[in-house]
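Colleague: I am new to this structure and would like to learn how to read it feature by feature. Could you show it to me and begin with the terms I will need?

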Amino acid sequence: MSGTELSVADVERVPQPPERQPLLSVRQASHTIDGQQILEGISFDVYPGEIFGIMGMSGSGKTTLLRLLIGLERPTVGRVFFRGEDMTVLDEDGLNRVRKSMGMCFQYSALFDSMTVAQNIAFAVRNRRDLPRADVERRVHELLDVVEMEGTENRMPADLSGGMKKRVGIARALMEEPALVLYDEPSSGLDPVMACNITGLIKRVSEDRGSTAVVVSHDVLHLLAIANRVLMLHEGREVLQGTPDDMRASEIPIVHRFVHGVGTGPGTEFCPAR
Amino acid sequence: MVSALAALGSYTLRALAFFGETSELHLRTLVHVSRGGIELRPTLVQMARVGVSSLPIVAVTMLFSGMVFAYHVADQAETLGASQYVGWAVAETMARELGPALTAIVVAARAGSAMAAELGTMKVTEQIDALRTMATDPVQYLVVPRYLAALLTVPMLALIADAIGVAGGYIMAHETTGMTSAQYFGSIPGNLAEWTVAAGVIKAVFFGIIIAVVGCQQGLYTQKASEEVGKATTRAVVYCIMLIYAANLVLTIVLLP
């Protein structure tokens, strides 16, 4: 935990229109694992309804940052605020309360392999006595329609392709109509067509439902196509934060190389630049 | 010398970590149980897996164990002119030791390893994290059903094991010495104390707890690599067996002085 008391009001922020209150705020978050600094001094806000992208090379700390946002890990230093509530001081019961307003799609889907597609999607509400079974089934069907997976209710995760698993993972994350959905590398391991489909699905889901999304990806092309604002990380530190156009126009070498796919080292002259 | 000390230190730290993690997991499990955090369907599923599915191998183990034991005892008893006590000797040994201990070891090898493997696989594939993101405590959802299943079914299996062991003993005693069922079973009621049988069941309760807690602990603390699941599964069985034997010694001294 941080040695200093930080609040959303006290610390320096990225300038914002005064009428917009962030849904999610990160303040000077740093994280160390086994003595290794993974993240250092990360600060940003995510506003309701926007798609916020986090990009960077492999090992830059993107997934770790995502885990901090949903409380799977606590920052060694710094704070994470959700709707103004400091998540870093909450116990697991408190975090569970906050998580009911969040959904997360994992890089490898993390579907429960002993359950059917329908059971996976309905898992979060399995003990909700206020929800009749018929309503749950109807909602599962609706979500499968949204992710274009109609008729797969009784299939097992082992029978699904990678892209199908991603879609079911998205449906599962949306079951409780969360205010914030986190996506960890949603297009990784997918062919270009499927990656485009998943990216389009994320955009459509956010727009249709008015939910906020944080998307972690090293797939620059798709991320910059859908994000409203982007944070780029390198070796655990913030390099640049701004709009996709800011990223494309940046003259910062690491940003430029990453956005335009310019490699370094021998042999990379064969890589086509974007 | 230095490397030996370093290795000793490393083992000591790992042992302390194991006991710490296991104790914490057990405490969290008990808290959930005391708060009523029990889901019936998963518990029943686990009872079927731990108890019902272990019955065949427990039965085979105890049948042959009873036969072997009776083979040795019947021969010696005949020499000493104490053949009329063979049934009791087998029943006493089954109830005190072999029934609960062998049952627990078989269940540890079968169900304890399965717990470690299943939870370990869930850990490396981020399913445990997925549970947490959906406001579900992995201990409440995964460990509590297995804990209750082992706690309830291992004692039942131990009782069944006692009976099968005694029956196996009769088969061998009859085959080797021609002992009748009246001779064999007749010595049991007047000599086998109810407390002896109860003590064996109490032992089995503790053994069941060991199996569930150690199996789940190894699974939940698996490092994120595929080979680690295999290692965790092996460790779960080894640690369970070691702890069962150690607990058996303590419980025998306490319950059957």
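Modeller: A residue is called buried if 20 or more other C-beta atoms lie within 10 Å of its own, exposed if 12 or fewer do, and partly exposed in between, the C-beta atoms being placed from the backbone. Helices (H or I, at least four residues) and strands (E, at least two) are DSSP runs, numbered from the N terminus. With these terms, strand S8 of chain A can be read: Thr212(A), Val214(A) and Val216(A) point one way from S8(A), Ala213(A), Val215(A) and Ser217(A) point the other way, and all are buried.

Colleague: Before we go on, what kind of model is this, and how are residues, chains and ligands labelled?

Modeller: This is a predicted model, in which local features need pLDDT of at least 70 and side-chain atom pairs count only at pLDDT 80 or more, while totals for chains, interfaces and linings use all residues. Residues are numbered from 1 along each chain as its sequence is written, and chains are lettered from A and ligands numbered from 1 in the order in which they are written.

Colleague: How many helices and strands does each chain have?

Modeller: Chain A has 9 helices and 10 strands, whereas chain B has 10 helices and 0 strands. Of the 274 residues in chain A, 38% are buried, and of the 257 residues of chain B, 46% count as buried. The C-alpha atoms of chain B fill a box of roughly 65 × 55 × 30 Å along the principal axes.

Colleague: How should I read a sheet, and in which order do the strands of the open sheet in chain A come?

Modeller: Strands of a sheet pair through backbone hydrogen bonds, either parallel or antiparallel. Here two strands are said to pair if DSSP finds at least two bridges between them. In chain A, 6 strands form an open sheet in the order S6-S7-S8-S3-S9-S10, with mixed pairing. Strand S6 (102-105) and strand S10 (237-242) of chain A stand at the edges with a single partner strand each, so one side of each has no neighbour in the sheet.

Colleague: Which strands are joined to S8(A) by bridges?

Modeller: Strand S7 (residues 180-184) of chain A is joined by 5 bridges to strand S8 (residues 212-217) of chain A, and the two run parallel; within S8(A), Val216(A) is the residue opposite Asp184(A). S3(A) is also joined to S8(A) by 5 bridges and runs parallel to it, with Val214(A) in S8(A) as the bridge partner of Phe52(A).

Colleague: How do I read a helix, taking H6(A) as the case, and which of its residues are buried?

Modeller: An α-helix has 3.6 residues a turn, so residues three or four places apart point the same way. Helix H6 (residues 192-209) of chain A has 18 residues and reaches 26 Å from its first C-alpha to its last, close to the 26 Å expected at 1.5 Å a residue, where the expected span is 1.5 Å times one less than the number of residues. The buried residues of H6(A) are Ala195(A), Ile198(A), Thr199(A), Ile202(A) and Val205(A). They cover an arc of only 125° around the axis, which puts them on the same side of H6(A); the arc is that of the directions from the helix axis to the C-beta atoms. On the other side of H6(A), Pro192(A), Val193(A), Glu207(A) and Asp208(A) are exposed. Just after H6(A), Gly210(A) takes a positive phi of about 65°.

Colleague: How many residues does each chain bring to the contact between chain A and chain B?

Modeller: Two residues are in contact if their C-beta atoms, placed from the backbone, lie within 7 Å. The contact takes 13 residues from chain A and 10 residues from chain B. Helix H2 (residues 92-99) of chain A supplies the largest share of the side of chain A that touches chain B, 3 residues.

Colleague: And where is Val89(A) placed?

Modeller: Val89(A) lies in the loop between strand S5 (85-86) and H2 of chain A, and Val89(A) is exposed, with 11 other C-beta atoms within 10 Å.
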